[in-house]
There are 2 protein chains.
Amino acid sequence: MTDYRNLRVALLGAGSVGSQTARLLLEHADELASRVGARLELAGVAVRNLSATRDVQLPAELYTTDAEALIESSDIVVELMGGIEPARTYIIQALTSGADVITANKALLAEHGTELFALADRVGAQLYYEASVAAAIPILRPLRDSLAGDRINRVMGIVNGSTNYILDRMDRYGDSAEDAAQTALELGFLEADPTLDVEGFDAAQKVTILASLAFHTRVPVSAVYREGITGVTLDQIRAAKNAGYVIKLLAIAERLTDPETGADAISARVYPALISREHPLASVYEGKNAVFVEAEAAGSLMFYGAGAGGVETASAVMGDLVSAARRHVAGGPGLAQNAHADLPLLPVGAINTRYHITLRVADEPGVLARVASVLATHGVSVENVLQTVPDAADADGTATLVIGTHTAREAALAATVKELAVIGVVRAVSSVLRVEGI
Amino acid sequence: MTDYRNLRVALLGAGSVGSQTARLLLEHADELASRVGARLELAGVAVRNLSATRDVQLPAELYTTDAEALIESSDIVVELMGGIEPARTYIIQALTSGADVITANKALLAEHGTELFALADRVGAQLYYEASVAAAIPILRPLRDSLAGDRINRVMGIVNGSTNYILDRMDRYGDSAEDAAQTALELGFLEADPTLDVEGFDAAQKVTILASLAFHTRVPVSAVYREGITGVTLDQIRAAKNAGYVIKLLAIAERLTDPETGADAISARVYPALISREHPLASVYEGKNAVFVEAEAAGSLMFYGAGAGGVETASAVMGDLVSAARRHVAGGPGLAQNAHADLPLLPVGAINTRYHITLRVADEPGVLARVASVLATHGVSVENVLQTVPDAADADGTATLVIGTHTAREAALAATVKELAVIGVVRAVSSVLRVEGI
């Protein structure tokens, strides 16, 4: 079964994912050898500081600060350091020396993926990255392999556990945004600097990776339309709940028709949106992740699981490691990205979506007619309207008007809201949220 | 991009899956060529009757009744005829002639998988079968590849859409079992002979395939413990709903410890069971399928989507077709089963589970103590008890006692129920259901 020579595996980084990967490699060595047809030998673990405390106890002689020497003598290099440098330089060294590389580094792939995949292609090495999106959930390989004969139309994911945790606390427990963020921080769901999470940068990095696999088109992270959750209020969440919706931070990559050329194009965007409570994504609680995929033939699919965590992410790394090792033993195609389609990326104004618009309006006759005429001017049709009569809380004599629109071009919806904000009868635009998942 | 020679694809069968596969092959020919690096040429479609009406119009010259000649001249053979013969003979011919084979035929794999995988192995051909379980949902490839470096402990699936549709109608709409089955039949969810579905045979075939991939162990379908849904009553479903549960037909493959040897063993079983409404499987409605996977490192994962349908199943067939074609172009490992672990299969009595037992008891002092002593004798501990006082409906003076047990060995639970049935204070055992998903 294991006539093939041992395969030397280098680990770069011994944080929580690196430590758990090392543990799984050592503990399951015999079973892995049966599955691969060769033994996976942990050649070493490159760290910055030999005396740091680790999550998992490994034999001291495995640690080294000489990453270059370790890479040079390995068949497969697993980069779990995070950050751009020196991770990028080490991956380039590894690929150039002919090693296959596994990484969970979404930031690096989002910034330098094009360069790294091109290099891997040129030297005939492979770059695997299942752990970079939604941690433990097998999503990249199904997109690339299982749906390879289908045509994907939309990928819509809850791919950031921290923001899902915060929104879920607000929705299910009525926590304020501040309390929810504090709980998330205490439970380790949120980094000390939460900007990457709450402003949607992390989700934007992941959507570039999903878009590249679903649509065979590279999307620079700077081109992803992005709104975070900092503007989401408890009032919005409560109103959504009453209307049968839940607010989720969605990372969406979608196939569209380019209105100029009539040809296929794509959109990549991140924003908080309403989805129906009946939608499978609505039941993704706490820090869990899920990716909902719509394909022409397969219909709707969902992939659900842990989107973070050391050992959970290590599971995805190990899957890639077995794939890379099998390729050493048996040859064959790897997980290279393929950007043959190279579809144009449309701005967010070109997408089709629905809006829920909440207005504070003067409580006088003719207000609804005035508001409706603004929508009509922009070609936006109304699906439903809810007007509340002023009550004791409305001492200023204003009423609340909630308008749900039919699907329309985002640009028309945005222009509608802009005009509504300045007409006389509207005192304030309290909330504008998109509706997804229809 | 497509320097490689054309690959000839034979389709056996032109039913709903076959017709849709042919359509996708022809409509997406250019895109498939880009993805594979070779053109996939539909060499022909073998049918029994040239003049039958088809779902999809194909050029008449593609149809042939000479399956043998078509197979002989093809690189990849896609068997979508169903049934055991002549499908088995054709697959043997195809593999023997060196062609890779794709099949959606779960019945054939459950009965003759061992023989067919051994043949494929011997001749160096590949047998792909993603479409055989849960149709469009990518589940076999993630189990084999993505989780290859992890250790799967349990696979628990809703893998039969017809029975899920019936149970869901009963649960969400209060339909009787007969009405729900009638609706399922009218909507095409149920075959004219529903035995394979409602008695759990279809799910049992699928659990053998899941078990073989999750545990690297072949399980004969005859060894799967199986209960269908014909005994599930609306009363049980209502009582489950009141207690926060839903009843689903679950196909379970699980890693256990063999009590005799202390070594790993597995269980494969199909039965209706209670699961908590908070469990992700509880939100799998209508004819949808989902497979919930628990792995040591990855934690809990769920794969959700369409479990039937011509075009949905064709999506999975196409994914296999692209994999097979890429292997022709680039070489490398295929999807062969690997039964290296060869774990023993334990009888259902050896599993650990929980019971919900509903009894009609005499309404007199000391009943609970008598019942509790029976449980204690068998080492079964009680998690909760609900005793209802007799009301107008209980004209016979009996009360209802619902006992939820803690986890115990199935054999002990079964013995407990057997003894409860014959003690004096128990008038009848109204319902016994297992609880899963904890």
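Predicted model: local features only at pLDDT ≥ 70, side-chain atom pairs only at ≥ 80, totals over all residues.
Local features are reported only at pLDDT of at least 70 and side-chain atom pairs only at pLDDT 80 or more, whereas totals for chains, interfaces and linings use all residues. Residues are numbered from 1 along each chain as its sequence is written.

**View 1. The interface between chain A and chain B.** Contact, taken as heavy atoms within 4.5 Å, links 53 residues of chain A with 52 residues of chain B. The buried area, that is, the accessible area (1.4 Å probe) lost by the two parts on being put together and summed over both, is about 4,300 Å², with 53% of it given by carbon and sulfur atoms.

**View 2. Salt bridges across the interface.** Between chain A and chain B there are six salt bridges, each defined by a side-chain nitrogen of Lys or Arg within 4 Å of a carboxyl oxygen of Asp or Glu. One of the six joins the side chains of Asp145(A) and Arg326(B), with an N to O distance of 3.2 Å.
The elements giving two or more residues to the side of chain A that touches chain B include α6 (140-146) and α12 (310-330) of chain A, helices here being DSSP runs (H or I) of at least four residues and strands (E) runs of at least two. On that side, α12(A) gives the most, with eight residues.

**View 3. Strand pairing between the chains.** β12(A) and β12 (residues 299-306) of chain B run antiparallel and are joined by four bridges, where pairing requires at least two DSSP bridges between the strands. Within this pairing, Phe303(A) has Phe303(B) of β12(B) as its bridge partner.

Terms used. Chains lettered and ligands numbered in written order. Heavy atoms only, no water.
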